[in-house]
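This briefing is meant to be read alongside the sequence and the coordinates. It moves from the pairing of the chains to the domains and then to one helix pair.

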There are 2 protein chains.
Amino acid sequence: MTHRFSRRIEHVPPSFLREVFNLLDDPNLISFAAGLPNPNLFPTDAFAQAAADTLKESAGTALQYGATEGLRELREIVAQSYKVKDNIDIDPSQVLVTNGSQQGLDLLGKVLINDGDVVATENPTYLAAIQAFSLFQPRFVGVHLAEDGLDSSALAQVVAEEAPTLLYTIPNFQNPTGITYSNEARRRVVEVLHDTETMLVEDDPYGEIRFEGTRQTPFAKYTDRAVLLGSFSKIVAPGLRLGWIIARDTSLYERLKVAKQATDLHTSTFSQHVMYRYYRDNDTQAHVETIALHYKQQKDAMIASLTEHLPEAKYTNPEGGMFLWVTLPETIDTGKLFPEAVKEGVAFVPGESFFSGEKKKNTMRLNFTNATPEQIQEGVQRLARAVARYEQ
Amino acid sequence: MTHRFSRRIEHVPPSFLREVFNLLDDPNLISFAAGLPNPNLFPTDAFAQAAADTLKESAGTALQYGATEGLRELREIVAQSYKVKDNIDIDPSQVLVTNGSQQGLDLLGKVLINDGDVVATENPTYLAAIQAFSLFQPRFVGVHLAEDGLDSSALAQVVAEEAPTLLYTIPNFQNPTGITYSNEARRRVVEVLHDTETMLVEDDPYGEIRFEGTRQTPFAKYTDRAVLLGSFSKIVAPGLRLGWIIARDTSLYERLKVAKQATDLHTSTFSQHVMYRYYRDNDTQAHVETIALHYKQQKDAMIASLTEHLPEAKYTNPEGGMFLWVTLPETIDTGKLFPEAVKEGVAFVPGESFFSGEKKKNTMRLNFTNATPEQIQEGVQRLARAVARYEQ
């Protein structure tokens, strides 16, 4: 029995984490590989109360079909949050609720990308964004990511030569590098894209998890053309699959809504009602600060361990988010290091899979949010042993 | 500010219900238009218990990221249900959990349809399936739907001439007509598709809501090549957005999983945990029988009212599901009747929007599940008044 499959599905690159899934199943393994929030920080009790209230007071609507664009009250909460954080005026009618911000990428791909279009990304970038966009068969062009954000002269060249349909960015605590764009770097990106047809996409799942430094400004503050993706996954819990996309251009918003309806009608009304009540009835800002405080301790433990046990490595020191990025001596291929590290009892993601242009094989992504400071110390020591064995 | 949009998004036909959304907002209107389950039959208390137990006993996993293919325990429940209902052996590894069965259509489109491929459908068919597949730019060919199922000689001609990539069917209580295929008609469809490359897709959101007659057999019983879509929307509640797709061919299943991961990583783990516990801890079969009993009373009221007040109409008399299909005298265009009917205080969906080939403008879809027998009586009288005025 043979099937014909679409050309697009054969274009999707494999997921490293899925491929090594069985390897990661060992309970003795310390994993810095996946990007899991710390489940000990899920607001379980508050959430249980919100779920109970929802089913007591509004089961008839919370379990029924709902509007494609999402629950009005939740969209108001999202819109208002940008007023508070950044003094940006977002109308709830510009907010579309999605199944996590990952779905925002699928909808943008559906609405914007024709087969053969160019999609510009940071290099390295978030692998699952490449996967989402790949279904619409663009050509990817990576733009060098400098320490304070996207290299604007490299970007200018790509825009001039390739006229990308969209530029995909993660300006806060970037995945995989942990890098945050300065406000100056953000303004330069907006200037480069001014008067072009390139859509600026800001994916911001981590922005609120800042534990040091000063919040930088979303692109949407500098230009109406920026689309903004957000998520409750890191500030509440990812299992709900609740995110949003903000599009201030009506013609874009309407098309995203058509795509959302065709894709799955709408996001779970039950989840949206529970999330709305959770926000309405709790000090969610205090909760986010608690998360940030823990993640800072975890990051500090990782930085200290790297300094002590892997002095030959360079690494970013992120002011927030969930990941840091390690660059080992150029003699080390982290793809080959990986099985050695797993033998030592520690896992990471080799950097290679995040590059869409030039690949730096001596890099790796480390997640610090899903292990205790003690586990982090032990895990980095295991990693150092694997590196030492590799170098022999 | 102008944007370039993809060709595919401009291909999606508009939704009649969305276009008339504001008209339907009048609380005095009796609506037979949308396909809403009766919210009075949602198992709210059992669901509240399942949600409370989930957050008490497994919050750490129920709120965390989960497997792309869905919660193992829920997939076991789905697989087992086909053993009980139809004596079909489905392995849980062949079940992929989706955001409602609508998402199954998006994933099938992604994995199977190339631009310009032919998609064969029943004529008339479910509009939102046309919308979902449209994003992948096929050409639609409608096949005549007879009273006992798809016209197999018409299908044979389409298969011979057009070699469709897939055939999309709703064999139980079809949307919009309420028609159910006999087992003979099912076998004929399978025979016609034997040894072709056409994938047989069975969308079965209503199959368990049977209130009369005998359950007919899924295509999957007759052939391994049939993909089966199911949903908890009609047997539990649609607001959860929980459905499934069953693909027994490993190469197809793996590609659907890749598409699912790229699209939104996975379906809400929280919703899946709650649904699993609801099934584990309750007599869900008794609940489905309660729904069917109510819907039968509602359908009977609609049939009785149509017989009394619209003797010039023909209509299907479905043995289950949520809709029946009315054919008025050929002089009546239900698209033009619609505003008159709304003035009388009743709404329906004009039949025209369900046709992908020849359109019969004197048809309409009536939903009977979201109004009481008394409202149904009153609504049909209003409809009869609108028809009488139209005929003058």
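The points below are grouped by topic, after a short note on conventions.

This is a predicted model, in which local features need pLDDT of at least 70 and side-chain atom pairs count only at pLDDT 80 or more, while totals for chains, interfaces and linings use all residues. Residues are numbered from 1 along each chain as its sequence is written, and chains are lettered from A and ligands numbered from 1 in the order in which they are written.

**Relation and contact of the chains**

- Between the chains, 66 residues of chain A are in contact with 66 residues of chain B, where contact requires C-beta atoms, placed from the backbone, to lie within 7 Å.
- The elements of chain A that give two or more residues to the side touching chain B are H2 (44–57), H3 (59–62), H5, H6, H10 (250–264) and H11 (269–281); helices (H or I, at least four residues) and strands (E, at least two) are DSSP runs, numbered from the N terminus.
- H10(A) gives the most to this side of chain A, with nine residues.
- By class, the side of chain A that touches chain B has 31 nonpolar, 23 polar and twelve charged residues (Ala, Val, Leu, Ile, Met, Phe, Trp, Tyr, Cys and Pro count as nonpolar, Asp, Glu, Lys and Arg as charged, and the others, Gly among them, as polar).

**Domains of chain A**

- Chain A is divided into domain 1 (8–43 + 286–391) and domain 2 (44–281), with bounds that come from an automatic or database domain assignment.
- The centres of the two domains, taken over C-alpha atoms, are separated by 25 Å, and their contact takes 32 residues from domain 1 and 38 residues from domain 2 of chain A.
- On the side of domain 1 that touches domain 2, the largest share, six residues, comes from H12(A).

**The H5–H6 pair of chain A**

- In H5(A), Gln102(A), Leu105(A), Asp106(A) and Gly109(A) meet Ala128(A), Ala129(A), Ala132(A) and Phe133(A) in H6(A).
- By class, this contact of H5(A) with H6(A) has five nonpolar, two polar and one charged residues.

Terms used:
Contact = placed C-beta atoms within 7 Å.
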